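Subject: Structure for you to look through

Hello,

I am passing on the structure we talked about, and below it you will find my notes on what turned up. Please read them with the model open beside you.

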Amino acid sequence: MLLEIENLETYYLTRKGAVKATDGVSFGVGNGEVFGLAGESGCGKTTTGLSIMRLVPSPGQIVGGKIIFDGKDIVQMSDDDLRNFRWKAVSVVFQGAMNALNPVMIVGKQIVEGILTHENVTKKEAWERTEELLDLVGISSERVKDYPHEFSGGMRQRVMIAMALACNPKLLIADEPITALDVIVQRQVLTVFKDLQRKLNLTVILITHDLSAMAATCDRLAIMYAGKIVEQASTLSIFKRPLHPYTKALIGAFPSIRGEKKSLEFIPGAPPELINPPEGCRFHPRCQYSEDICKKEEPMPTVRGDHLVACHIIQ
Ligand code: SF4
């Protein structure tokens with residue numbers, strides 16, 4: 001495994017108490033794999049991504065667990081080690097990242113500056129690399145001197161992907177990379193993404209609530225609910241035979257990925273406040289299969305066929 005996360009606990013330490021955004025999260029991602037983290041908003045997906053980058057904003061802190069990347073524990077890295085690690089080993093594209101481009105600077109210069117900050121190369125080499133990167137994301141290198149407002153939203157997002165790849169990272173974390181785009185542009189960006197992943201044998205963690213993007217892109221999925229992973233399996237297996245009631249509900253609430261008509265199901269309620277989550281299984285107030293044990297004991301992840309699933313009832 002390129003990345004192994006063991007029992008990650010990232011809490012936001014507020015005056016009202018600890019918001020347990022990730023509470024015992026464990027998973028691994030292999031070299032060249034595309035791994036998806038799915039679930040509703042507020043279930044800990046973004047905090048998991050930020051923890052891997054050690055970019056959790058205050059008052060957030062990693063209070064427990066390990067994040068082993070290429071044999072080194074990111075949680076224990078010094079500030080110096082982190083400077084070498086971020087962008088070179090692991091890079092990130094955030095939701096709406098395209099809006100982070102400086103509107104008064106040509107896009108090429110913005111990428112060049114990123115390269116010169118992290119790599120020991122000449123300006124000429126940085127400009128050459130920038131042109132290569134733009135080509136890689138399907139933007140003509142002749143546009144290297146254009147300003148951000150001269151690009152469409154999808155192209156600006158591709159510029160941000162190029163920027164994230166500037167230092168040849170082994171792992172790219174993409175947090176809702178297509179959410180701010182319209183549907184047609186979403187498809188274009190996803191296609192670029194898939195091509196890049198194949199060409200570069202890039203390892204990717206895709207964070208999104210969009211299950212059709214997951215189905216089109218990911219090799220394996222983890223479904224998060226209330227700071228915990230409730231199910232993990234191959235993408236095919238999750239969509240063909242979801243086991244956890246929350247996974248079933250998520251898939252039921254999403255339009256068919258094959259485009260056929262189906263009536264959408266509704267998941268009652270909302271994810272709990274993570275400052276004071278329900279006892280036992282955190283999904284029990286919303287689960288139609290809930291039994292007494294679910295309210296008292298937390299279900300531990302167990303292997304069921306090729307799934308890892310945390311549920312007392314599902315066999
Ligand atoms: Fe539902 Fe119980 Fe399984 Fe939780 S443990 S998902 S409440 S059946």
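This is a predicted model: local features need pLDDT of at least 70, side-chain atom pairs count only at pLDDT 80 or more; totals for chains, interfaces and linings use all residues.

Arg54 lies in the loop between H1 and E4, and it counts as partly exposed because its relative accessibility is 25%. The loop between H1 and strand E4 (60–69) also contains Pro59, which is joined to Ser58 by a cis peptide bond with an omega of about 10 degrees. A positive phi, near 50 degrees, is found in Asn201 as well, again a residue other than glycine, and Asn201 belongs to the loop between helix H6 (183–200) and strand E8 (203–207).

Helix H1 itself (residues 45–53) is largely enclosed by the rest of the structure, because eight of its nine residues are buried; among them are Lys45, Leu50 and Ile52. Ile52 is also one of the residues that touch the most other members of the largest nonpolar core, which has 86 residues, together with Leu3, Phe27 and Ile205. Leaving aside residues up to four places away in sequence, the contacts of Ile52 include Leu3, Ile67, Phe85, Leu171 and Ile205.

Finally, the ligand sits in the largest cavity, where 13 residues surround the ligand, the closest being Cys281, Cys287, Cys294, Cys311 and His312. By class, this shell holds nine nonpolar and four polar residues, and no charged ones.

Best wishes

Conventions:
Residues are numbered from 1 along each chain as its sequence is written. Side-chain values use heavy atoms; hydrogens and water are left out. A nonpolar core is a set of buried Ala, Val, Leu, Ile, Met, Phe, Trp, Tyr and Cys residues joined through side-chain atoms within 4.5 Å. Buried means under 20% relative accessible area, exposed over 50%, partly exposed in between (1.4 Å probe, protein chains only). Contact means heavy atoms within 4.5 Å. A residue is near a molecule or strand if one of its heavy atoms lies within 4 Å of it. On a 1 Å grid over the protein atoms alone, a cavity is a set of points where a 1.4 Å probe fits but cannot get out, and a pocket is an open set with protein on both sides within 12 Å along at least five of seven lines; lining residues have an atom within 4 Å of a point. A molecule sits in a cavity or pocket if more than half of its atoms lie within 2 Å of its grid points. Ala, Val, Leu, Ile, Met, Phe, Trp, Tyr, Cys and Pro count as nonpolar, Asp, Glu, Lys and Arg as charged, and the others, Gly among them, as polar. Helices (H or I, at least four residues) and strands (E, at least two) are DSSP runs, numbered from the N terminus.
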